[in-house]
Amino acid sequence: MGAARKCQHAGSLGGEPGSLEMILKLFFHEKLAQASYLLGCDATGEALVVDPNRVLEQYLEAARREGLRITHVTETHIHADYVSGSRELAHRTGARLLLSAEGGDDWSYRFAQGARATLLRDGDAFLVGNVHIEALHTPGHTPEHLAFLVTDTASADAPMGAFSGDCVFVGDVGRPDLLERAAGVQGASETAARQLCHSIQRFKGLPDYLQLWPAHGAGSACGKALGAVPQSTVGYEKRFNWAFAHQDESAFVRAVLAGQPEPPKYYAQMKRINRDGPPPMGGLRPPARLPDQRLEPLLAEGALIVDTRPAAAYAAAHVPGTINIPLNRAFPNWAGWLLPYDRDLYLTVDDDGAGSVDEAVQDLAFIGLDRVAGYFTSAAVHCAGARGAGSIREAWPAELAAPLVEGAVTVIDVRARGEWEAGHLPGVSNIPLGYLTDRLDEVPRDRPVVVHCQSGGRSAIAASLLEAHGFRDVINLRGGLSGWALAGLPVVREPE
């Protein structure tokens with residue numbers, strides 16, 4: 001394991017007319033809004049992958065198509081929202097693995113020495129063919145965070161862009177509270193926010209034309225309000241990114257820490273895995289399809305069975321004791337919130353399972369839930385024996401207005417706390433979906449329980465969780481708070 005040296009390209013940085021150019025490809029995982037990149041030198045065929053996830057074939061295939069070989073692999077920081085593929089990709093390709101040496105003893109890569117990684121500090125640089133990469137230490141989102149300045153020396157003598165990681169997004173910046181709220185490092189948020197302020201000032205000093213290639217887009221929980229476009233420039237962010245407008249450090253700290261959403265539970269697991277060393281996956285292997293008749297005996301043995309069919313299909317008919325996490329864009333997020341890492345799980349998928357099971361297994365692998373022991377198709381639901389086929393009741397807002405006032409039902413709002421404070425049903429308590437199984441003792445069992453969210457997606461999952469934990473009269477409010485308000489029923493807003 002060696003330290004990277006500050007290096008300069010031999011000879012002139014200016015390229016001759018007709019010089020071969022740098023290749024840059026974006027890979028974007030929609031469900032986690034995660035971006036990774038393949039950067040190649042067309043002249044030498046060398047390539048770098050930045051922030052790879054565990055689906056390695058996408059990088060290997062892209063490199064083959066472009067006539068490149070992956071010679072370098074790096075990442076901007078220790079990720080919290082997915083399992084990194086850097087270590088395994090470097091091992092598979094024989095590439096040089098480059099990791100941050102910043103961050104101190106607590107947040108350094110513990111597997112770096114065993115993986116023979118090259119450690120990078122602020123100002124260290126390396127070459128990928130004719131492309132010059134310089135590391136910038138940009139702490140704040142995490143202590144060890146690096147950004148990478150990219151110069152295509154075949155045609156330029158100054159950087160054209162930067163991999164900004166989770167420091168600068170389009171329209172936002174990385175949240176500095178994860179180390180405290182997800183990894184349990186008490187008191188880290190304010191220090192990190194002040195570091196982030198200084199990192200933003202460093203970006204302000206870069207040329208306006210410099211392109212920014214962030215590690216996340218809209219939908220990621222690594223920031224508050226990320227933009228949906230895939231890239232930006234320093235100049236654009238100076239004009240329109242709220243964080244760049246702050247001149248006072250204390251004001252920036254207050255602003256960046258205010259209103260950050262609750263980090264998903266699985267983030268703590270991801271930080272540990274990615275710090276200590278992600279296990280090799282060796283490719284995605286679909287689990288075995290199990291006989292329909294095996295589902296109920298597994299439930300009787302205490303097995304965890306996740307029904308990934310759409311919420312409407314599950315509500316109409318399901319096997320009691322299973323839980324419903326629909327295989328949609330939010331699937332890996334809620335799987336990470338709700339599923340344990342220390343036990344096997346089984347899936348129920350739609351149709352014949354051919355495409356759905358592969359998608360589900362890949363989504364789970366993204367966040368390190370690798371213990372999928374088998375799957376069933378929807379046919380298993382209709383083979384229910386002793387348990388019978390269960391269903392989830394649904395009710396319109398007008399049907400519940402009177403029972404709510406009379407106290408004949410318990411209503412639980414499963415949205416995030418900030419959403420509840422912005423407006424909720426009168427007298428209704430808030431238990432966010434991600435914490436519902438931790439707070440079941442707060443839910444009465446002597447009357448019907450009504451669950452709702454904003455429009456019905458999260459409450460469908462909540463209803464299945466309550467039923468699986470023995471609640472016998474569970475009702476999902478159709479249309480959620482949106483439907484309630486459209487019906488002209490009262491909404492309470494908390495004072496600020």
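In this predicted model, strand β18, spanning residues 410-413, pairs with β19 in the parallel sense over 2 bridges. Within this pairing, Asp-413 finds its bridge partner in Asn-430 of β19. The two strands belong to an open sheet of 5 strands with parallel pairing, and the order across it reads β17-β21-β20-β18-β19. Strands β17 (393-395) and β19 (429-430) take the edges; each has a single partner strand, so one side of each is left without a neighbour in the sheet.

Two helices accompany this sheet. Helix α13, made of residues 397-406, packs on the sheet and touches β17, β18, β20 (449-452) and β21 (474-477). The direction of α13 makes about 90° with that of β17. Helix α15 (residues 457-468), for its part, lies across β20 and β21 and runs at about 150° to β20.

Strand β4, covering residues 69-74, pairs with β5 in the parallel sense over 3 bridges, and Thr-74 stands opposite Leu-98 in β5.

Ala-90 has its place in α2, which comprises residues 86-93. With a relative accessible area of 6%, Ala-90 falls under the 20% limit and is therefore buried. Leaving aside residues up to four places away in sequence, Ala-90 touches Val-73, Ala-95 and Leu-97. Arg-343 is 253 residues away from Ala-90 along the chain, and the C-alpha atoms of the two are separated by 29 Å.

Ala-33, although not a glycine, has a positive phi of about 50°. It sits in the loop between β1 (22-29) and β2 (34-41), and its relative accessibility is 1%, so Ala-33 counts as buried. Arg-116 is likewise not a glycine, and has a positive phi of about 55°. The loop that holds Arg-116 runs between β5 (96-100) and β6 (118-120). At 72% relative accessibility, however, Arg-116 counts as exposed.

The packing of two further helices can be described in some detail. Helix α4 (residues 188-204) packs with helix α7 (residues 249-257) at an angle of about 115°, and their axes lie 9 Å apart. The crossing of α4 and α7 is right-handed. On the α4 side, the contact is made by Ser-189, Glu-190, Ala-193, Arg-194, Leu-196, Cys-197, His-198 and Ile-200. Helix α7 contributes Glu-249, Ser-250, Phe-252, Val-253, Val-256 and Leu-257. Sorted by class, the contact of α4 with α7 holds 8 nonpolar, 3 polar and 3 charged residues.

The pLDDT averages 91 over the chain, and 94% of the residues score at least 70. Residues 1-19, by contrast, have a pLDDT below 50. Beyond near neighbours in sequence, this stretch has 39 contacts in the model.

Notes. Residues numbered from 1 in each chain as written. Predicted model: local features only at pLDDT ≥ 70, side-chain atom pairs only at ≥ 80, totals over all residues. Heavy atoms only, no water. Pairing = 2+ DSSP bridges. Helix = DSSP H or I, 4+ residues; strand = E, 2+ residues; numbered from the N terminus. Contact = heavy atoms within 4.5 Å. Axes fitted to C-alpha atoms, helices over the stretch in contact; angles between N-to-C directions. Buried < 20%, exposed > 50% of the residue type's maximum accessible area, 1.4 Å probe, protein only. pLDDT = per-residue confidence, 0-100. Left-handed = near helix turned anticlockwise from the far one by under 90°. Nonpolar A, V, L, I, M, F, W, Y, C, P; charged D, E, K, R; others polar.
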